[in-house]
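Please read it beside the sequence and the coordinates.

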Amino acid sequence: MPQQARRRRRRRGRSPGPSRRVLRRLDKAFSAFFRRLKAKGKAGFPRFRAKSLFDSAEFRVGDGVTIRKSKRLGITGIPGEIKVNWHRDLPAGVKVGAAILSRSAGSWFACFQVTVPDGKVQQRDGTSVGIDVGLSSLIATSDGETFETLPWTKRAAKKQRRLQRALSRCKRNSKRRAKVRRNLARHIAATANRRRDILHKLSRSLVDRYAFIALEDLSVDRLARSMFAKAVYNAAWGQIRLFLEYKATNAGVRVEVVDPRGTSQTCPECGAVAAKTLSDRTHHCECGCVLDRNLAAAKVILQKAVSRMGPEHGLGAPSVPVAA
Ligand SMILES: [Zn+2]
């Protein structure tokens with residue numbers, strides 16, 4: 001049937017087959033490598049990806065992947081349509097570029113890259129807050145709110161250790177090993193999802209309530225080399241900051257990061273600096289100021305950020321003076 005053959009050829013011309021898409025990715029990896037070589041940066045030769053590591057495929061929407069009217073996905077090379085559980089609608093009026101289909105812990109995900117038209121975000125007016133991130137409580141705000149460290153993470157870590165032990169007991173290449181490996185991956189993914197969910201809600205509630213947020217510029221990598229490594233990673237400070245920053249940008253909320261040095265040693269009332277050890281949970285100052293340690297630090301962080309911005313930003317001076 002010549003007509004059908006023609007149609008098939010046309011379809012092939014429009015959308016490269018799976019192997020060509022893989023080649024496109026390889027080409028991308030190598031051109032990035034050569035660009036880095038030229039720029040005299042750390043070049044980093046593309047890593048070999050074993051079949052077992054290859055868990056995602058990149059498509060272009062309209063070329064390889066189509067979103068059907070029924071909101072199902074059509075993928076070239078796969079007959080029929082694929083039902084999708086949309087976690088939210090694509091925003092109206094956006095240009096959809098690439099789609100990445102990936103497999104993670106036994107589930108498949110489709111991730112779309114969209115171009116949103118430039119919209120001007122109005123700077124919001126409202127109250128400001130300082131946030132101290134810590135190990136004893138996840139965050140403490142200068143308004144006296146605290147958010148406790150997630151209590152279930154200890155249990156989750158224990159289960160992870162148990163599964164890892166079980167995995168290491170399994171015979172290599174055995175069916176059981178594959179099964180335990182799947183269970184472990186699923187557990188790790190579930191823990192990460194849970195943590196992300198809570199941090200999203202936390203950052204959302206802060207961005208909704210405040211117009212100015214001051215944070216410490218903590219180096220997670222450096223702190224994680226200390227004896228508190230596990231607790232530091234568990235607190236996920238980097239993720240909190242990331243979530244806060246992008247949500248703030250979209251909502252017209254300003255986020256300011258300040259130098260973390262001395263924030264927990266300074267008195268928010270009089271500005272005096274007195275050394276504290278980690279076990280001092282309360283801030284006692286000669287001026288008579290007695291506060292929770294984290295609350296005091298959060299207040300100092302806010303003062304630092306506001307004093308750096310200067311009065312012309314219309315934030316108003318903090319309620320207490322800051323010693324220079
Ligand atoms: Zn004081």
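Two strands pair if DSSP finds at least two bridges between them, and helices (H or I, at least four residues) and strands (E, at least two) are DSSP runs, numbered from the N terminus. On that basis, 5 strands form an open sheet in the order 9-8-7-10-11, with mixed pairing. This is a predicted model, in which local features need pLDDT of at least 70 and side-chain atom pairs count only at pLDDT 80 or more, whereas totals for chains, interfaces and linings use all residues. Residues are numbered from 1 along each chain as its sequence is written, and side-chain values use heavy atoms, with hydrogens and water left out.

**The open sheet**
- Strand 9 (146-148) and strand 11 (254-258) are the edge strands, each pairing on one side only, and the twist averages 20 degrees from one strand to the next (axes are lines fitted to C-alpha atoms, for helices over the stretch in contact, and angles run from 0 to 180 degrees between N-to-C directions).
- Strand 7 (residues 128-133) pairs with strand 8 (residues 137-141) in the antiparallel sense over 3 bridges, and isoleucine 131 stands opposite threonine 141 in strand 8.

**Helices on the sheet**
- Helix 4 packs on the sheet and touches strand 7, strand 8, strand 9 and strand 10 (212-216), its direction making about 5 degrees with that of strand 8; contact means heavy atoms within 4.5 Å.
- Helix 8 (residues 293-309) lies across strand 7, strand 8, strand 10 and strand 11, and runs at about 130 degrees to strand 7.

**Helix 4 against helix 7**
- The axes of helix 4 (residues 175-209) and helix 7 (residues 237-251) come within 9 Å and cross at roughly 40 degrees.
- Among the residues in contact are Leu199 and Leu206 in helix 4, and Ile240 and Phe243 in helix 7.

**The hairpin of strand 5 and strand 6**
- Strand 5 (residues 95-104) and strand 6 (residues 107-115) pair in the antiparallel sense over 8 bridges, and the bridge partner of leucine 101 in strand 6 is alanine 110.
- This hairpin has 2 residues between the strands, and alanine 105 takes a positive phi near 50 degrees.

**Aromatic pairs**
- A search of the whole structure finds 7 aromatic pairs, where rings of Phe, Tyr and Trp (its six-membered ring) pair if their centres lie within 6.5 Å, with planes under 30 degrees apart counted as stacked, over 60 as edge-to-face and the rest as tilted.
- The ring centres of phenylalanine 33 and phenylalanine 45 are 5.2 Å apart and their planes lie at 85 degrees, so the pair is edge-to-face.
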